[in-house]
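Please take a moment with the sequence and the model shown here.

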Amino acid sequence: MGVTVTNGSFTQLIMRICDKNHDGKIGRGEMTRVFNEINKFKDGKITPDELRAFLAKDIPNPVERELAVGTIMGLLDRDGSGGITRGELRDIFTLVDRNHDQFITSDELEQLLGGL
Ligand SMILES: [Ca+2]
Ligand SMILES: [Ca+2]
């Protein structure tokens, strides 16, 4: 079921990366912080290379990492430009936050990723 990585489900991995204050949900501020961490060149666009570098620590297996990068790009790069912009990240946040409480929970993430 869904995309898995060696050390837990993809959902757990994303929660671990994004939930900075460990309250079990991802807020918009946390999303912005993660965006800035990944976007090393500060050009407002996350490239597959930046994602790959960012995920190297959490997904050591290159095959799994490539799969994760492809999945994330596929989900977030809405216009297929080869990069993820802040606007695209905002759009996906709104989409995933089904109950519109301005937080993404692991359940809401699971609904998005479970079908993959
Ligand atoms: Ca949080
Ligand atoms: Ca929510």
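**Burial, fold and core**

Of the 116 residues of the protein chain, 16% count as buried; a residue is buried if 20 or more other C-beta atoms lie within 10 Å of its own, exposed if 12 or fewer, and partly exposed in between, with C-beta atoms placed from the backbone. This is a predicted model, in which local features need pLDDT of at least 70 and side-chain atom pairs count only at pLDDT 80 or more, while totals for chains, interfaces and linings use all residues. Residues are numbered from 1 along each chain as its sequence is written, and chains are lettered from A and ligands numbered from 1 in the order in which they are written.

The protein chain has six helices and six strands, in the sequence order β-β-α-β-α-β-α-α-β-α-β-α. These are DSSP runs numbered from the N terminus: helices are H or I with at least four residues, strands are E with at least two. The C-alpha trace spans about 35 × 30 × 25 Å along its principal axes.

The largest nonpolar core has 15 residues, of which Phe10, Ile14, Leu51, Leu55, Ala68 and Leu109 touch the most other members. Such a core is a set of buried Ala, Val, Leu, Ile, Met, Phe, Trp, Tyr and Cys residues joined through C-beta atoms within 7 Å. Helices H1 (10–18), H3 (48–55) and H4 (62–76) are the elements that each give two or more residues to this core, and H1 supplies the largest share, four residues.

Asn99 sits in the loop between helix H5 (86–96) and strand E6 (103–105). Asn99 counts as exposed because it has 9 C-beta neighbours inside 10 Å.
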